[in-house]
Structures are given as C-alpha cells and as structure tokens.
Amino acid sequence: MTGTFVGMPAFPSAARAALADTQLRHNLAHATGVIRGKRAAVVGEVDNWEELRLAGAAVKERALLALDTQLVRLEESLTAHGAVVHWARDAEEANRIVVGLARAHEVDEVVKVKSMLTQEIGLNEALEAAGIAAWETDLAELIVQLGGDLPSHILVPAIHRNRAEIREIFARRMGEVGRPAPADLTDEPAVLAGAAREHLREKFLRARMAVSGANFAVADTGTLVVVESEGNGRMCLTLPEVLVSIVGIEKVVPTWAELDPLLRLLPRSSTGERMNPYTSTWSGITPGDGPQEVHVVLLDNGRTRALADEVGRQALRCIRCSACLNVCPVYERTGGHAYGSVYPGPIGAILNPLLRGTGDPQTDALPYASSLCGACFEACPVRIDIPEVLVHLRSQVVDGHREDRVPKPEAVAFRGAGWAFGDARRLDRAERLSSLAGRLLRRRGRTSLGRLPGPGSAWTDARDLPAPPTESFRDWWRRTDGGERP
Amino acid sequence: MNRAENGADNSARAEILGRVRAALLDVGGDLPDAPVVAPAGAGAGAAPGDLVALFAERVADYRATVVRCSPDDLTAAVAAALPAGARVVVPAGLPDDVRAGIPDPIADTGLSATELDAVDAVVTRCRVGIAETGTIVLDHEPDQGRRAITLVPDHHVCVVDAGQVVPDVPDAFALLDPHRPQTWISGPSATSDIELDRVEGVHGPRRLLVIVVDPA
C-alpha cells in the first residue's frame, strides 16, 4: 500500500518533474511561507536565542563525542527501570526484532507513533510482509499511508497535499482498512481531523502493541521523550500492553537537565510554537500505568559511518525540527520527494550521503541539490553548518570519480578551463569567441543558452546557463582605461 | 525475549560499540564531563503575580480556557467547569476541595480504555505550570492519576495552584523527577497537518480548562 523511495531517480531528474507540477509548488509555497512566519515570530520572543542554540549544539556534541560511554549508560538505566534493550546494526536487523516481538505476542496489527526512523528502515513494509498491519496514527502520516504516497516533509509529511486531495483520499480509502469516512465528509480541516479521530479511535482502543521512535533518550536516567501535537502519540505510548521504541543511537542526551535547551529549541524551530501540545516522557515501566512490557531497540544503520566523518558528524546533532526545509529555496520549489529519501531538504542532502555513503548516482547528486545560500545554517537550532558539510561531501563525490576510466564531462570541461586560464593569450582568444557568441545570442533576444548538446546537456537539463557577456572584463578595462573613461 | 536469550543482539551490541569507538579515534583524550548549563529562561526573577498572569495569558493563547479563583471559590469553580450531566472520572488522590465540585465522580479503579471512552470529562491537579510556554506538567502522582484518564475523555479540567507556576522550562526540569512518567500539556490536542490550518481536538482531549487558584 505504501510507496517506496527505492529506485527513485537522482535529484536533477526528480526535481525537473516536481518543478513542472504547479499544484505542488502552490501547496509548498503556501505551507513553507506560513511556517516561516510563525517560527520567526516565536524565535523573536527569545532574547538569548543564540546562546540557547550554542547550548543545544553543545549538549548533542557532548553526547556524540563520548557516544560509547553514553550508550552503555543508557542501556544500564533503561534495564534498571524494567525495559528490555536490543541492539540492531542495520534496518534488516531492527525489523527482524520488531517482527519477532509482534509474533511472540501473537498480534496481527500495531499502532504507530510518527517516526522518521521506522520509515528510514521500512518497518511498515517488513511488518506487512510478515502479515502484520502497521497503522500510522499521526494525521499527516495517515494521509500519506492511505494515499499510497510518500512523505515529503519531516514535520508535515503530507505538506504536498491540499484539503481537496485529502478529502478524496479519506472518502476512497478509509472504509477499506477500518471505519469508513462519514458520507457527508467535507474538505474543512476540522471535519477531516474529526474523521481521522473516529477512524483511528477504534484502532487505539483495541491495539495490544505499539511502535514508536523517540525524540530524545536520556543516558543517565533512561528517560525516553516523544514530542507531538495530536495526542495520537500519547494513545500509542500508554494504552497498549507492549511498547517497542526504535531509537537511533544519535538520540542520546547525557543528563535530564540537558534536555532543557533542546525542549526550548525544538517546538519554536519546528512548528513555530512556544511549546508543542504534548510531550510524553517515560523511563521503563511504571506499575499500573501504561505498557507493562517495554522494549527499546538501539539502531546504528549508518550512524557510526556518519560519526566517523569528522566534518560530517555534526549532522548527527539534528533534532529533526525541519526548520532548514522551510527556509530552503531549493526545497520550496522541488518539494521533498525529489530528494529520494525520508530525510529531504538541506539536512537530507547531507544526512543521506553520510548514512549511506557516496558512490551511487542518487546520493551523489544530493550534495549538489543546494544553492549554498546558508539559510539552513541560520535556521538550524543546533547550529549544523550544512553548507560546510555540503561542500565537504561534494569533494568526496569528486574524489570518488578521480580514477574513472571515462572522465565525467565536468572533469573534461574543468580540465579545458584550466588549460585556457593557464595562459593569458589562450584566455584572451577564448574570451573573444565567447563575447562574439554573446553578441549573436542577444541580438536574437536570448539571455540564456537553453539546452546544450552532447554531454553538456546533463548540466543544462537542471540549470539555466546564462548567455555569455557581450564584452569581457579585460576588453572593458582596455576600452574604458580601467573605468576612468565612459 | 531478553538480551541473554538473543545471541544476535549481543554481537550487534559489541559491533556497534566497536564501530563507535573506531569512529571517535580522532577525538582522543578526556572529554569534558560537566553537563552543559543552558542560559536561564525568560521571566527569571519576575514577581509572582506577573508570573501567574503570564501563565494564564499563554495558556489561553493555546485556545484553552483559563479561570482564576480564590481557594474559597475552588469547589464552585470546578462545578462550573463541568458540563451539566457529564460523567466525570477522578484520580484516587484528588483533594476534597476539588472533588466536592463534582457530582457523582467516577473513581479510577483501573478502568479499561473502552470504559474511559464512555466518560465525558476528567478533573486532576498537576505538578508544575510553566509561564513562558503556557504548559502544565503532570507527573501522574495520585492527585493526577494514570496517564490514560487525562487522555481518553474529551474534556480535561486541571487545577493549578498559583504557587506551582514557574517562569520557564529549565525551572520545571529542576523540579521534576525523570523516573516518573510525565505528560507536558500545552493547550488541547491540536493538528496543523492540513494546509497548516490549526485545528483543536484530534485524539487527546478537545477541551482543556485550567483553573488557577490564587493565594488567599
């Protein structure tokens, strides 16, 4: 039922398709504009926002630079409070653990709290293959799941859908998997949310097992934290008998007190609120209250690979607020699907190559899916220098092709440029040719070159190449005597 | 299934910790062990009266209802906060002056989720109120009850003592026990998933009414 990112085309071709979708661009421009405004207003209320960012970054850095000690401490404290800790090297291993737990309890369905990590590992598909239904309970995730669609934003996964599309999905699909949408369903957001409430409540009340992620995991107390708005998280975390939380190893926060800056930074950066409606914390089992069997799966799945990259490891500080998506001019125009991953936008452009490694066309394209304008770094509540990591990863992609027997067209072009720039007479001749071409084009009213032939087309398919100037700088200097004469 | 029964888990644990150590070889040396202290929150040093006024304003900003009363008026304020004929569940440790405002309260004796679904409202106390963010924090002690009772019914009435209100998030962290389950509540259940239009009331209580009891 759900879509998959596997086999998605690389960013340039996916982006081209997205740019042609005017409905998508309209939905995205509206949504990112609204959320940017809300965020700016509540961030502006905080006098010492910059100090708070520094503290948030320092907390995550302290945990990451001693991650082995922190993980062992987390395991000890979770176990001491009655949770069972599992470790998983990769997606396959994590999925096998969750399927095994579902089978051991003989459940054929689980309710799920919105979790990026379970999407990263394809948990729903693994459960489905084992005959276990996984019900997404976050409204946006429900829209994506029922629509057989893919998430396109970290915080608002159905940001690319408008109310009319959502009404149509609910009316068509809800009845096939549970309580149908009411016959008089309108496209009012309140009415649609009401239909989701009715549809999901029967699932919450009967579910015996829930799966969640965690926003934070406190090493010294074993406290897990889930931040949400709708109450679906609270339903999943407290009503079923068995709770399984899959936690990326980078989610560790050393101490309880150090959660403070992160809980102040996250809602303001993410939804543009002073605080999100609901935050749930729990540490293991509480007798008589909530699930009486609690499992925590600590997952690597590429995180140690990212940690080993001295420049890139700062990406593991990410608290998944999505502020970088909402300020990114590239994301705003292409949407999330073009990035081919559950982590889209600027953070996805660095996180995916760091987690999966460079070397395939899909991840290799991502460090280039940016204008390097730096807005993402300004917005990031934990000060991840995304442009720095993008440039670093670009160099890795280039290095990966140094030994190619057939060099890439860019390499040929830059070798040619190097040759031309290496000698003043050669450059002079090249400039004369180029300004002649520029004059001819502009005479025909052209300001850009359009599609280049041959290998150059790979460049111009994704970018507009401006027509060359009609006069080179050196010609201008000679003609005006360095700007002295008009 | 625990770790001892699961050999794969043990080798995964060793391998992941080994990879972490290998990844951090460049860091070397001793790391600063002192916890990071974040800057103080807003409102530190504010007068108590201003703090409670800010709390009331920020809670109301989330489209929750805020009522302020004196200790003498508390019972009447609780009674007025409940719709006529509502079936109301209460935690075992709810103080008498709050309970007296509830006609025929239903004691929570481990009601099932389905039984709670048939209840209209719940009345509790809380542990801390945060002025800056308009948040109430429940730590599910006996005056607040199990997590489920403040989740399933549609109407939550929460009584906050003015003295429980702190300026900002770090002040709350200092007071709360990380080993107790906690629920931080800022306004009623809400979603902005459809065109970023905020809608109150999805899965949690659709109405939140906060009664602030000012000092006598």
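In chain A of this predicted model, helix 4 is followed by Gly82(A), a residue whose phi is positive, near 95°. Helices here are DSSP runs of H or I with at least four residues, numbered from the N terminus. Helix 4 itself covers residues 67-80, and its 14 residues reach 20 Å from the first C-alpha to the last, close to the 20 Å expected at 1.5 Å a residue, where the expected span is 1.5 Å times one less than the number of residues.

Several residues of this helix are buried, among them Leu67(A), Leu71(A), Leu74(A) and Leu78(A), where buried means under 20% relative accessible area, exposed over 50%, and partly exposed in between, with a 1.4 Å probe and protein chains only. An α-helix has 3.6 residues a turn, so residues three or four places apart point the same way.

The cysteines come next. The structure holds 0 disulfides over all chains, a disulfide being a pair of cysteine sulfur atoms within 2.5 Å. For Cys321(A), the nearest cysteine sulfur is that of Cys380(A), 6.3 Å away, and Cys321(A) is buried at 7% relative accessibility. The sulfur of Cys324(A) lies 6.4 Å from the closest one, in Cys376(A), which is too far for a bond, and Cys324(A) is also buried, at 8%.

Residues are numbered from 1 along each chain as its sequence is written, and chains are lettered from A in the order in which they are written. Local features need pLDDT of at least 70, side-chain atom pairs count only at pLDDT 80 or more, and side-chain values use heavy atoms, without hydrogens and water.

Note on methods
Helices (H or I, at least four residues) and strands (E, at least two) are DSSP runs, numbered from the N terminus.
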